[in-house]
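Subject: The structure we talked about

Hi there,

My notes on what was found in it follow below.

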Amino acid sequence: MKRIVVGLSGGVDSSVAAAALHHQGYEVIGLTLWLMKGKGQCCSEGMVDAAFICEQLGIPHEIVDTRELFQENIVDYLVSGYESGVTPLPCSQCNRTVKFAPMLKYAKETLGIDQIATGHYARIRYDEATGRYQLLRARDHNKDQSYFLYDLSQELLAGSLFPLGEIVKEETRRMAAQYQLKTADKPESQDLCLVEAHGSMQTFLDRYIDLKEGEIVDRAGKILGKHTGIHHYTIGQRKGLGIAAPEPLYVMALDPVMNRVVVGSRDEATQPDCTAGRTNWIAIPEPTAPIRAQVQVRYRSKPVPVTAIPLGEGRIKLGFDEPQFGITPGQAAVLYDGEVVLGGGIIERR
Ligand SMILES: Nc1ncnc2c1ncn2[C@@H]1O[C@H](COP(=O)(O)OP(=O)(O)OP(=O)(O)O)[C@@H](O)[C@H]1O
């Protein structure tokens, strides 16, 4: 019987992934990573629900303490990013360094199992022609999580299964009801896990970053107002600036050195290109010549046509066919060829 480790968060998606594989005849071992420090956080409830699902399915449940790893790679990474005026994307970093790599390592080294599965909505395909594992958008485009998975290595993709990649969310809920899973009616998580645990990103960051008021200025340096700390702002933000101006103003830069928030018109917050670093390539090897693709610069943004020019050392320049508004350093730029993820990187500061 084929053995597989399923990452269980205690949510409906991973519960159904585990139940489906179990019913397909896999020998399933549930694995929950204990991610967050502190008592009464979302994770403790998740662990109990995950344990209940394992009991229901009659499968073993392992809990691995990865709180230190999460603290260093996600909490510290977020805090130092916001302090330096960028808006980091924690989820892709979390997937690679905190979830997939440790889960696969634990599965292989401790349990002697070479495959893991999660409840992510995305698809993995082995491409005979190139000898590479590809990552594709989920069949359910509304739930597609491929944007958060662009940073997975070939080794991690080779060892992973996404049982929900071919189905739509309604089908997941239907299966959860059919298997009578305790988590069948659990509400959808609406936000980042840290935001859910702390109420808002601002509340979370305020625990770690001292409030340091400063000036809101225009591009010429004219003082327009006061801010409560640059970590409370993000590029493209319009609401909550507290400035009365004849035309709408948007955050166009965060300056940690001067402790300033720079605002401008929509045109000023729109740019023809940007650079991205720390790239990871999936469907293709690192390009050595310009390539054409569609790029997504935020989780929910529309993919737009782009020319990606390699700059060496894992960096690329992205020239948009149409200038783009609200390009945010710290977020991922993920390149697609239709459904297929080519690769991606982290948007750099201008
Ligand atoms: N603490 C954890 N331990 C093990 N696996 C996890 C954990 N958190 C998330 N995962 C895995 O990653 C997948 C995607 O996680 P995400 O946080 O996006 O949750 P989700 O889409 O709401 O899924 P779910 O309904 O399973 O919580 C989950 O389906 C699960 O397989």
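A term to start with: a residue counts as buried if 20 or more other C-beta atoms lie within 10 Å of its own, as exposed if 12 or fewer do, and as partly exposed in between, with C-beta atoms placed from the backbone. By that rule Ser14 is buried, with 27 C-beta neighbours inside 10 Å. Please keep in mind that this is a predicted model, where local features need pLDDT of at least 70 and side-chain atom pairs count only at pLDDT 80 or more, while totals for chains, interfaces and linings use all residues. Residues are numbered from 1 along each chain as its sequence is written.

Ser14 lies in helix H1. Helices (H or I, at least four residues) and strands (E, at least two) are DSSP runs, numbered from the N terminus. H1 covers residues 12-23, and its end C-alpha atoms are 16 Å apart, which agrees with the 16 Å that twelve residues should span at 1.5 Å a residue; the expected span is 1.5 Å times one less than the number of residues. Eleven of the twelve residues of H1 are buried, so the helix is largely enclosed by the rest of the structure. Among those buried residues are Val12, Asp13, Ser14 and His22. Just after H1, Gly25 takes a positive phi of about 105°.

Gly11 sits in the loop between strand E1 (3-7) and H1, and is buried, with 20 other C-beta atoms within 10 Å. Not counting residues up to four places away in sequence, Gly11 touches Gly119, Thr183, Lys186 and Ser189; contact means that the two C-beta atoms, placed from the backbone, lie within 7 Å. Ser14, with neighbours within four places in sequence left aside, is in contact with Val6, Gly7, Leu8, Ser9, Thr118 and Gly119. The unreviewed UniProt entry has a "binding site" feature that includes Gly7, Gly11, Ser14 and Gly119. UniProt positions follow the numbering used here, feature names are shortened, and annotations may be inferred rather than shown by experiment.

For "active site", the unreviewed UniProt entry lists Cys94 and Cys193. They span 100 residues in sequence, yet no two of their C-alpha atoms are more than 10.8 Å apart, so they gather at one spot. Cys94 is in helix H4 (residues 90-109) and is buried, with 23 other C-beta atoms within 10 Å. Leaving aside neighbours within four places in sequence, Cys94 contacts Ile74 and Lys99. Cys193 is in helix H7 (residues 193-198) and also counts as buried, with 20 C-beta neighbours inside 10 Å.

**Domains**

How many domains does the assignment give? There are domain 1 (3-198), domain 2 (212-264) and domain 3 (270-347), with bounds from an automatic or database domain assignment. The C-alpha centres of domain 1 and domain 3 lie 25 Å apart, and 15 residues of domain 1 are in contact with 16 residues of domain 3. On the domain 1 side, the largest share, five residues, comes from strand E6 (residues 132-137). That side divides into seven nonpolar, five polar and three charged residues.

For residues 274-347, the unreviewed UniProt entry gives "domain: tRNA-specific 2-thiouridylase MnmA-like C-terminal". Over this stretch the chain is 0% helix and 65% strand, and the end C-alpha atoms are 7 Å apart.

Definitions and conventions
Ala, Val, Leu, Ile, Met, Phe, Trp, Tyr, Cys and Pro count as nonpolar, Asp, Glu, Lys and Arg as charged, and the others, Gly among them, as polar.
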